[in-house]
Amino acid sequence: MAKRITIDPITRIEGHLRIDVEVDNNAVSNAWASCTMWRGIEKILRGRDPRDAWLFTQRFCGVCTTVHAMASVRSVEDALKLEIPLNAQYIRNLILIAHALHDHIVHFYQLSALDWVDVMQVPKADPAATSKLAESLSPWTRNSRNELKAAQDRVNAVAASGQLGIFANGYWGHPAMRLSPEVNLLAFSHYVQALEYQRKALQVVGILGSKTPHIQNLTVGGVANAIDLDSTSALGMDKLELIRTLLEQVVTFVQQVYFVDVCAVAAMYPEWFKIGSGVRNYLAVPDLPLDSRGSEYDLPGGYIRDGDLGGVKGFRTAADEVFRKSVSEDVVHAYYQGEKPLHPWKGETEPAFTGWDADKKYSWVKAPRFNGEPMQVGPLAQVLIGYAQGHPLTRKYADMAIEKVAAIGGVRATPAALHSTLGRHAARAIRACMLAELAQKHLQLLTDNIAKGDYTVRNVPVMPTHEVEGVGTHEAPRGTLSHWIVIEDQKIKNYQAVVPSTWNASPRDHAGAHGPYEASLLHTPLARPEEPLEVLRTVHSFDPCMACACHAFDPSGRKIGVAKIL
Amino acid sequence: MKRVLIGGVGNVLLGDDGVGPYVVRMLEALYSFGEAVSLADLGTPALDLTHQIVGLHALILVDSVASDDPPGTVVLYRKEDILRVMPAERLDPHSPALSECLMTADMLGASPEHVLLVGIVGSCYDPGQPLSKAVRQSVAKSIEAILTELERLGFGFEKKMLPNEPEIWWADRPVGEPVLA
């Protein structure tokens with residue numbers, strides 16, 4: 001008989017996510033993804049000045065502040081048909097890239113690596129042998145015996161204290177953990193180093209955005225950065241040079257450490273290329289605009305249905321007509337009033353909490369649909385959509401990943417193997433390498449444009465008095481983000497944010513179709529159902545961030561328990 | 001130089017949850033501080049809090065907390081109180097992962113020597129609401145707790161003769177006058 005397991009909340013994610021699975025013969029036979037917090041921040045935007053919206057949306061989530069700020073100004077600019085000066089596009093692009101690099105590094109090392117890496121095996125490793133192994137994998141200069149020994153000592157110190165501290169929640173010694181002590185040490189050493197490089201990426205955001213965690217330099221129509229080549233306080237040669245130095249270090253870490261570690265984990269757990277696929281409809285929007293009108297982009301978008309890469313459809317712009325028309329949100333299984341799916345411009349956010357019920361309503365996340373179908377968003381969607389359209393930069397790093405995995409583990413993955421838990425990790429590493437290369441490109445574009453004598457950073461918006469609608473999108477670290485605004489009489493009449501984790505964590509819709517998290521868990525084998533590490537591996541591969549998917553706090557203030565078997 | 005950070009934690013869009021940033025912005029408006037003291041509205045930083053705290057001599061955070069005490073009660077916590085909370089559990093409603101970040105800083109050998117969490121028991125966390133009366137009345141007491149800690153640690157501050165207007169930008173304002181024109 002099927003047994004129900006509740007994992008509430010999923011540890012090592014941002015915010016509150018609950019997963020329920022039914023287990024039959026040690027495999028998942030049914031799944032429910034739900035968010036335990038209320039959503040409703042959008043309502044407070046109504047009646048406010050559209051030029052202020054980004055300040056508020058930046059507070060939707062404390063982790064992805066900049067992405068909501070950016071999507072918001074873009075929504076107003078779309079509604080006003082406003083062009084953005086080149087300098088502003090490049091500065092924004094650099095902020096978005098630096099934020100994404102930070103986010104991807106945090107995700108792999110701090111939020112998901114310990115699903116694959118057994119920290120408690122680290123004390124058994126031989127640092128000299130680990131260093132030798134590392135040399136065979138990467139030219140990274142910080143894999144010396146001394147550096148590895150220092151990392152090992154950190155684990156020894158935590159273990160000796162008798163309290164596992166930050167490692168108290170792992171499934172250490174689980175039969176699904178299979179790396180050698182040396183590989184575990186190498187990965188752990190990079191886990192520690194990753195903290196330094198995340199910080200460097202954040203510094204870039206801070207220099208361009210004036211402050212972190214909440215940037216101050218955005219404005220509808222451009223940016224508020226003063227450009228002056230000779231100044232040390234404005235954006236000038238000094239700051240551009242500092243950004244260049246920081247980016248170089250982050251780029252090297254991404255290409256020589258993060259990318260290699262993901263390939264190594266993939267090579268050592270090849271069965272996970274066959275697990276965790278689920279929804280094979282993919283969606284991504286173009287991003288990193290290269291001109292002031294937003295007609296050319298460095299990153300492609302589009303959609304794929306049912307895993308058919310050959311049938312990929314591209315989007316021409318970040319607010320493509322097809323995208324504008326095709327999005328709706330369904331609340332049949334979410335704690336909101338309403339029956340019919342609504343387009344975001346018509347969207348409502350009226351709560352109707354009924355308590356968790358597997359057959360009825362069970363989540364605070366709405367179910368976004370594209371032409372009525374669930375879509376998977378995130379780096380995997382971004383990479384598959386780029387690859388299918390022959391995008392050279394995507395192909396370059398995707399092919400490199402396939403070669404690297406083959407070289408380490410003798411396993412040759414195909415693009416089709418990317419429809420999987422490991423595929424999501426691999427795609428994120430591929431995307432990070434692409435972004436790393438583009439970071440340097442956009443810094444050069446900005447430097448060259450300023451050198452030409454163009455100091456323009458903003459076109460001043462004029463608010464129309466008649467009603468206008470706009471959509472601002474950003475292909476964020478976790479996938480497609482869209483902010484939908486209706487402006488009337490110079491005020492916000494309606495505002496809806498359809499965020500990446502809403503697409504992926506969506507509950508079932510009126511047709512009963514599972515959301516991507518739910519579908520990806522079906523058929524997952526569990527070695528020990530009472531320690532559902534495998535469920536965590538797949539859920540974490542999406543990089544869940546429920547803070548903006550549901551926006552709020554846990555009203556119950558309940559203590560957290562993990563893996564309760566009913 | 002031994003540095004101290006006074007950080008306001010919480011979501012300014014969710015009623016009493018915004019009391020941390022509110023207190024920090026009031027402090028900024030009313031007092032001037034030496035260069036070793038920095039103030040920041042941290043929002044809800046989750047794991048990124050680690051980057052804000054490594055290498056500090058002292059950390060003072062202001063945040064709303066869930067507690068059985070009546071709304072507006074100011075509760076002080078020290079590092080050992082916070083570390084007693086295991087990472088997956090949370091001291092407060094919106095998960096800033098405080099204990100996890102302190103443990104990470106400890107592992108790096110760069111954890112602040114002195115930690116004070118000024119917790120304010122909230123009552124209303126509804127979107128778009130101003131601070132509740134009880135919480136508003138606790139702001140002065142929270143400021144006092146912060147200044148006492150600065151004094152204890154030997155950090156200087158001075159009351160401004162002419163205080164600035166506090167930057168509570170999320171409070172209601174007339175349409176047509178955007179915050180940053």
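A:A439 touches A:L94, A:I97, A:A98, A:L101, A:L247 and A:V251, leaving aside residues up to four places away in sequence; contact here means C-beta atoms, placed from the backbone, within 7 Å. A:A439 is also, with A:L94 and A:L101, among the three residues that touch the most other members of the largest nonpolar core, which has 224 residues. Such a core is a set of buried Ala, Val, Leu, Ile, Met, Phe, Trp, Tyr and Cys residues joined through C-beta atoms within 7 Å. Buried means 20 or more other C-beta atoms within 10 Å of a residue's own, exposed means 12 or fewer, and partly exposed lies in between, with C-beta atoms placed from the backbone.

The model is predicted, so local features need pLDDT of at least 70 and side-chain atom pairs count only at pLDDT 80 or more, while totals for chains, interfaces and linings use all residues. Residues are numbered from 1 along each chain as its sequence is written, with chains lettered from A and ligands numbered from 1 in the order in which they are written.

Still in chain A, helix α6 (residues 181-209) packs on helix α7 (residues 237-268) at about 150°, with the axes 9 Å apart. Helices (H or I, at least four residues) and strands (E, at least two) are DSSP runs numbered from the N terminus; axes are lines fitted to C-alpha atoms, for helices over the stretch in contact, and angles run from 0 to 180 degrees between N-to-C directions. α6(A) and α7(A) are therefore roughly antiparallel, a label for angles over 145 degrees. Among the α6(A) residues that meet α7(A) are A:V183, A:H190 and A:Y197; the α7(A) side includes A:L247 and A:F253.

Chain A also has an open antiparallel sheet of 3 strands, ordered β13-β14-β15. β13 (468-476) and β15 (491-498) of chain A are the edge strands with a single partner each, so one side of each has no neighbour in the sheet. Strands count as paired if DSSP finds at least two bridges between them; β13(A) and β14(A) (residues 479-488) share 9, and A:G470 has A:I485 as its bridge partner in β14(A).

Over in chain B, an open sheet of 5 strands runs β3-β1-β4-β6-β5 with mixed pairing. β5(B) and β6(B) pair in the antiparallel sense over 5 bridges, with B:R78 opposite B:L116 in β6(B).

Helix α4 (residues 98-107) of chain B is mostly covered, with 8 of its 10 residues buried. Those buried residues pack against α2 (49-53), α3 (79-83) and β6 (114-121) of chain B. Just after α4(B), B:G109 takes a positive phi of about 70°.

Definitions and conventions:
Two residues are in contact if their C-beta atoms, placed from the backbone, lie within 7 Å. Angles under 35 degrees count as roughly parallel, over 145 as roughly antiparallel, 65 to 115 as roughly perpendicular and the rest as oblique.
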